[in-house]
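This briefing looks at how a protein chain surrounds its ligand and at how aromatic rings pair up within the chain. Please keep the sequence and the structure in view while you read.

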Amino acid sequence: MTAAPPVPAMTPLAGKIARLIETAGPISVADYFSMCLADPEYGYYLTREPFGVDGDFITAPEVTQLFGEIVGIFLVHAWQAQGRPEAARLVELGPGRGTLMADVLRTLRQLAPSLFETAEVHLVETSPRLAERQRRTLSGTGARCHWHAEFTEVPDGYTLLVANELFDALPIRQFVKTDGVFRERVVGLDGFGRLAFGLGPAALEPAHLPDGGGEDGSVFEFSPVREGVMRKIAERLVRCGGAALLIDYGHVVSGFGDTLQALRRQNFDGVLEHPGEADLTSHVDFAALVQAVHEVGGHIAGLAPQGDFLVGLGLLERAGRLGADKSVLEQTAIRAAVERIAGAGAGRMGELFKVLAVTGDGAPLAPFSQPAGRP
Ligand code: SAH
């Protein structure tokens, strides 16, 4: 007889998922992903404060104000290129602590007062706890802010939209090649009642797959939810005018590979280890987003590594100005922050993260179309 290995204490959400599987059978990776992040009782974003140096991960706007300022410069430039419409909807999806929007608003107020004064700010957030946090951050900005649980609730009108690290938090489906067929990966229970990966009956049509087919055991991921959000954004831009900036870590060509990962206290964790207590993400397939934009008649203004985008819009000059009257210690900190958000290599965001710019009208936009103009 083999003794059962010691069962690690299950998180409350793991218990809830195990009971669900006992009654209804294995669930897809997408459903597992959704429950981990968005379960109303135990979901990660509903119960935790994940951001910042003490959290599970740190995002670019939390590293330095320069990130939001450059995003602000891009939005002002798009607005100018598109005829300076009044009463813009300034939209952010998944605003976290509200830091990015606060930095964007400060930049708009300086560079384009008439945009700032006539714009309405719309924040789309599924977590009531984070929406409250955003309210606190943005209360002193002087902007008119509205909160929504879904993008489709944002009223029609000329739209300037930004989303940083939202798409990686939207659920993906995974398919594993087994005996020549891509079968859907599911989460079930092993013989000891613990969460375990398995394969479900659903198979993927070859039409969905990138070229090459992959070896047995290779994993293909796709995200109907992400592509659906992208289509809705692009449809809005085509119908009402505007531009969107979508920033995330991911790849520009679709391929094979298992990119699902869990992060807990800034360390990698097993995907099934601590549901509800670890952040769950996956790499964004930008080729799939580009295709979704084209399907609804939207235009790609550019797709570039984050470092190129930031430097192309004047990051280094702005960092120099920010550090001009500061102490040596503060200047060192600014330089380190610039390295972190725009540099290449491990632990830096400049290459791994990509910036996708979408418009409704095909207007050419810097830094993709022309040499960087000084703000
Ligand atoms: N943009 C922020 C936070 C990124 S974390 C930053 O850069 O710091 C992801 C954010 O998206 C969180 O605020 C989370 O609550 C929110 N979120 C997750 N799923 C969402 C959805 N379907 N719609 C809107 N917001 C969502």
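This is a predicted model: local features need pLDDT of at least 70, side-chain atom pairs count only at pLDDT 80 or more; totals for chains, interfaces and linings use all residues.

A residue counts as near a molecule if one of its heavy atoms lies within 4 Å of that molecule.

**Residues around the ligand**
- There are 17 residues around the ligand, and those that come nearest are Thr59, Gly94, Gly96, Glu125 and Asn164.
- The space that the ligand takes up is the largest pocket.

- Gly94 places a backbone N or O atom 2.7 Å from a nitrogen atom of the ligand, while a backbone N or O atom of Gly96 lies 3.1 Å from an oxygen atom of the ligand.
- Glu125 takes part through its side chain, where an N or O atom is 2.5 Å from an oxygen atom of the ligand.
- On its own the ligand has 570 Å² of accessible area, and the protein covers 90% of it.

**Aromatic pairs**
- The structure holds nine aromatic pairs, including that of Tyr249 and Phe353.
- The ring centres of Tyr249 and Phe353 are 5.4 Å apart and the ring planes stand at 55°, so this pair counts as tilted, given that planes under 30 degrees apart would be stacked and those over 60 edge-to-face.
- Tyr249 belongs to strand β10 (residues 242-251) and Phe353 to strand β16 (residues 353-359), and the pair thus links distant parts of the chain, 104 residues apart.

Terms used. Residues are numbered from 1 along each chain as its sequence is written. Side-chain values use heavy atoms; hydrogens and water are left out. A polar contact is a pair of N or O atoms within 3.5 Å; within protein, one must be able to donate a hydrogen and the other to accept it, and residues adjacent in sequence count only if both atoms are side-chain atoms. Accessible areas come from the Shrake-Rupley method with a 1.4 Å probe; for residues, only the protein chains shown count as cover. On a 1 Å grid over the protein atoms alone, a cavity is a set of points where a 1.4 Å probe fits but cannot get out, and a pocket is an open set with protein on both sides within 12 Å along at least five of seven lines; lining residues have an atom within 4 Å of a point. A molecule sits in a cavity or pocket if more than half of its atoms lie within 2 Å of its grid points. Rings of Phe, Tyr and Trp (its six-membered ring) pair if their centres lie within 6.5 Å; planes under 30 degrees apart count as stacked, over 60 as edge-to-face and the rest as tilted. Helices (H or I, at least four residues) and strands (E, at least two) are DSSP runs, numbered from the N terminus.
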